[in-house]
Amino acid sequence: MAAAELGMTNGDYVFYAFDYYDAPIGESLPLGTRPWMIDGLNDHEEEAKLAYRSLFVVSLANVKTPEHDRFSQDVKSLAARQYNYTYSENENINPFAMSEYYAMKILGVVLNETVTIDGVAAASDGAGLSKRMWNRTYNILGRQIVLDENGDRVADWVVNQLDPGGNAFRPVLQWSSSMKIFTAVTEEDGTPRQIVWYNRTSLPADRTFPADNHDSTGKPEILAPSGEHQPSQLVVPSWPSFSSLQ
């Protein structure tokens with residue numbers, strides 16, 4: 001609503017949000033039907049819907065594998081049986097819980113290597129174990145888990161946009177951590193899915209803002225895609241970090 005009041009929903013501004021829950025590539029992001037609807041603010045639904053036209057949601061890519069699907073079902077069954085928690089039909093396993101599982105699997109691999117090569121005493125060297133984890137790729141549940149030279153996970157990401165009907169977010173771009181580029185998500189017929197820039201035919205141009213982070217009209221600085229730099233140069237964070245095992 002604040003963006004609408006400031007006149008920032010006319011297509012000149014683009015908004016980004018991060019969602020750390022996995023989004024299956026090619027499928028709609030489960031943010032609910034008509035996510036722009038606001039309880040108790042029915043009079044502002046059209047304004048909210050308009051603002052959502054310029055919103056991009058960046059989420060972790062979800063590479064489906066048979067191993068991961070079986071593991072997910074096991075987790076859901078365990079949650080229902082031992083903790084009385086039932087996952088909804090399209091609910092994914094919490095990515096923070098998955099990261100803990102990946103961390104334990106990686107620790108197991110490195111512990112086995114360390115004990116085999118350097119002996120049992122070396123297993124108490126936290127710094128040594130951490131460094132042995134770095135700059136490697138691990139195959140876990142059919143997925144490639146990549147850690148860079150600093151111990152940070154190098155993840156693949158998906159950029160989602162509201163579908164033309166305004167009902168749900170869907171992927172439009174996917175970031176490859178290995179190739180360091182964005183590629184378009186393809187439709188079922190093989191054609192690339194197009195980004196729809198609201199109220200314009202091309203992406204918004206760069207804006208120069210004064211040092212106080214406000215433009216000449218008093219509007220706050222908002223991250224927008226560059227007219228000179230292509231989307232492939234968007235900075236994508238790595239998450240989580242395995243660089244400080246003690």
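Q: Is R170 buried or exposed in this model?
A: In this predicted model, R170 counts as buried, because its relative accessibility is 19% and the cut-off for buried is under 20%.

Q: Which residue does R170 meet in a salt bridge?
A: The side chain of R170 meets that of E187, with an N to O distance of 3.7 Å. R170 belongs to strand β7, whereas E187 is in the segment after β8 (181-184).

Q: Which residue forms another salt bridge with E187?
A: R193 does; the closest N and O atoms of R193 and E187 are 3.2 Å apart.

Q: Where are D118 and R132?
A: D118 is in helix α4 and R132 is in helix α5. They are 14 residues apart, and this pair also links distant parts of the chain. D118 counts as partly exposed, at 46% relative accessibility, and R132 is likewise partly exposed, at 24%.

Q: Back to R170 for a moment. What about D163, which is in contact with it?
A: D163 is placed in the loop between β6 (157-162) and β7 (169-176). Setting aside neighbours within four places in sequence, D163 is in contact with R53, A168 and R170.

Q: Which side chain of opposite charge is nearest to D163, and how far away is it?
A: The nearest one is R53, at 5.6 Å. D163 is buried yet has no salt bridge, because that distance is beyond the 4 Å limit for a salt bridge.

Q: Changing topic: which residues touch the most other members in the largest nonpolar core?
A: They are I106, M133, Y138 and I140, in a core of 16 residues. At least two residues of this core come from each of α3 (66-83), α4 (95-118), α5 (126-133), β3 (136-140) and β4 (143-147).

Q: Which element supplies the largest share?
A: Helix α4 does, with five residues. Apart from this core lies another one, of 12 residues, which includes F56, A155, V172 and W197.

Q: Now the surface. Which residues form a nonpolar patch there?
A: L78, Y83 and Y85 form one, with about 330 Å² of accessible area together. Of these, L78 is placed in helix α3 and is partly exposed, with a relative accessible area of 32%.

Q: What other residue has a positive phi although it is not a glycine?
A: L141 has one, of about 55 degrees. L141 lies in the loop between β3 and β4.

Q: Are N84 and L141 buried or exposed?
A: N84 is exposed, with a relative accessible area of 73%, whereas L141 is buried, with 15%.

Q: Where is Y13?
A: Y13 lies in the loop between α1 (2-5) and β1 (15-24). At 4% relative accessibility, Y13 counts as buried. Y13 and L55 are 42 residues apart in sequence, while their C-alpha atoms are 9.1 Å apart in space.

Q: Finally, how many helices and strands does the protein have?
A: The protein has five helices and eight strands. From the N terminus on, the elements run α-β-α-β-α-α-α-β-β-β-β-β-β.

Q: What share of the residues is buried?
A: Buried residues make up 36% of the 246 residues. The protein exposes about 14,400 Å², and carbon and sulfur atoms supply 51% of that area.

Q: And what share of the contacts joins residues at least 24 apart?
A: Among contacts between residues at least 6 apart in sequence, that share is 62%.

Definitions and conventions: Residues numbered from 1 in each chain as written. Predicted model: local features only at pLDDT ≥ 70, side-chain atom pairs only at ≥ 80, totals over all residues. Heavy atoms only, no water. Core = buried A, V, L, I, M, F, W, Y, C linked by side-chain atoms within 4.5 Å. Buried < 20%, exposed > 50% of the residue type's maximum accessible area, 1.4 Å probe, protein only. Helix = DSSP H or I, 4+ residues; strand = E, 2+ residues; numbered from the N terminus. Lys, Arg positive; Asp, Glu negative; His and termini not counted. Contact = heavy atoms within 4.5 Å. Patch = residues over 30% accessible without salt bridge, like charges linked within 9 Å, V, L, I, M, F, W, Y side chains within 5 Å. Areas by Shrake-Rupley, 256 points an atom, 1.4 Å probe, with all protein chains shown as cover.
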